[in-house]
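Visitor: I am new to reading protein structures, and I would like a close look at one part of this one. Could you take me through how a pair of neighbouring helices packs together, and then show me what lies around that pair?

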Amino acid sequence: MWLGLSLFYVGAVLFLNGLWMLGRIADKEIWVINIFTGVVSLCIGLASIFGPEANAETVKSGALTLLFAFTYLWVAFNRFTGADGRGLGWFSLFVAVTAVPVALDTLADASTGLDWWMGVNWAAWAVLWALFFVLLALRKPIDRFTGVLCIAQGILTGWVPGYLILAGRLG
C-alpha cells in the first residue's frame, strides 16, 4: 500500500506542478501540495528504511522514494525563499542519472505487469527530471513543454495507478 499512497500524491503534485509551470497556479499556492507530498514521501521513505520490517529491498525502495520527497520539498523551499532553482536543477540531474539504471534494472527483472509498468515509469521520470535539469540549471526556455509533460506523467505514472493500487485493482 505504500506504493499506492506514494504514487497517488506524486500524481497530484506532478499534475499541479505542471499547471503551476503553465501559469495556472500562483507561486504563493503551489508550496502546499509540494510540502504535503514531500512529507508523505519522506515518511514512507523513512519507514521503509528504518521500519521494523526493513530489509535490503525496503531500504532500496525507501532511498528511491526519498528522491521524490526531496524534489518536492526543494520546490516548496524555493517558493518560500525566492531561490532561482539552479540547485534543484543540478539535483534533478543526479536523480535523472540515477533513474536510468533503476528503470533498466526494473525492466530486466520484471515478471508482472506492475513490474513492467514501474520500469517504464522510472524511464519516464528520468526524462522528466532531465528536463528539470535543462530548465532550471541550464536555464533553457522549455517551461511549457516540461509543464505539459509533468501533467501527463502526473496522471499516467502517479495519479491513476496510485488510485488503482489503493483500490486493490492493480498490483
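Guide: Happy to! Let's start with helix α3 (residues 56-81) and helix α4 (residues 86-108), whose axes come within 11 Å and cross at roughly 160 degrees. Please keep in mind that this is a predicted model. Two packed helices are described by the angle between their axes and the distance between the axes. An angle over 145 degrees counts as roughly antiparallel, and α3 and α4 are therefore roughly antiparallel to each other. The crossing of α3 past α4 is left-handed.

Which residues of α3 and α4 make the contact? On the α3 side, look for Leu-64, Leu-67, Phe-70, Thr-71, Trp-74, Val-75 and Asn-78. On the α4 side, they are Gly-87, Leu-88, Phe-91, Phe-94, Val-95, Thr-98 and Val-102. Sorted by class, the contact of α3 with α4 has ten nonpolar residues, four polar ones and no charged ones.

A search of the whole structure finds one cavity of 30 Å³ or more, and about 70 Å³ of space lies in the largest cavity. Its lining is made by Leu-14, Phe-68, Thr-71, Tyr-72, Trp-125, Leu-128, Trp-129 and Phe-132. The cavity lining divides into seven nonpolar residues, one polar residue and no charged residue.

About 850 Å³ of space lies in the largest pocket. Of the 29 residues that line it, the closest to its centre are Leu-3, Glu-57, Ser-61, Met-118 and Trp-122. The elements giving two or more residues to this lining are α1 (2-21), α2 (27-50), α3, α4 and α5. Which element gives the most to the lining of the largest pocket? That is α3, with seven residues. By class, the lining has 16 nonpolar, seven polar and six charged residues.

The second largest pocket has a volume of about 370 Å³. It is lined by 18 residues, and Trp-20, Met-21, Arg-79, Leu-135 and Leu-136 lie nearest its centre. Here α1, α3 and α5 are the elements that give two or more residues. Once again α3 gives the most, this time with five residues. The classes in this lining are ten nonpolar, four polar and four charged residues.

The axes of α5 (residues 113-136) and α6 (residues 143-166) come within 10 Å and cross at roughly 155 degrees. With the same cut-off of 145 degrees for roughly antiparallel, α5 and α6 are therefore roughly antiparallel to each other. Their crossing is left-handed. From α5, the residues in this contact include Leu-114, Trp-117, Trp-125, Leu-128, Phe-132 and Leu-135. From α6, they include Asp-143, Phe-145, Leu-149, Cys-150, Pro-161 and Ile-165. The contact of α5 with α6 divides into 15 nonpolar, four polar and one charged residue. Notice that Trp-125, Leu-128 and Phe-132 are also among the residues lining the largest cavity, while Leu-135 is one of those nearest the centre of the second largest pocket.

Finally, α1 and α2 pack at an angle of about 160 degrees, with their axes 10 Å apart. That makes α1 roughly antiparallel to α2. Here too, α1 passes α2 in a left-handed crossing. Among the α1 residues in this contact are Trp-2, Tyr-9, Val-13, Leu-16 and Trp-20, and they meet a set in α2 that includes Asp-27, Ile-30, Phe-36, Val-40 and Ile-44. The contact of α1 with α2 divides into 14 nonpolar, six polar and one charged residue. You can follow Trp-20 onward from here, as it is also one of the residues nearest the centre of the second largest pocket.

Methods. Residues numbered from 1 in each chain as written. Predicted model: local features only at pLDDT ≥ 70, side-chain atom pairs only at ≥ 80, totals over all residues. Heavy atoms only, no water. Axes fitted to C-alpha atoms, helices over the stretch in contact; angles between N-to-C directions. Helix = DSSP H or I, 4+ residues; strand = E, 2+ residues; numbered from the N terminus. Parallel < 35°, antiparallel > 145°, perpendicular 65-115°, else oblique. Left-handed = near helix turned anticlockwise from the far one by under 90°. Contact = heavy atoms within 4.5 Å. Nonpolar A, V, L, I, M, F, W, Y, C, P; charged D, E, K, R; others polar. 1 Å grid on protein atoms, 1.4 Å probe; cavity = no way out; pocket = protein on both sides within 12 Å on 5 of 7 lines; lining within 4 Å. Points joined across faces, edges and corners; volume = space filled by probe spheres on them.
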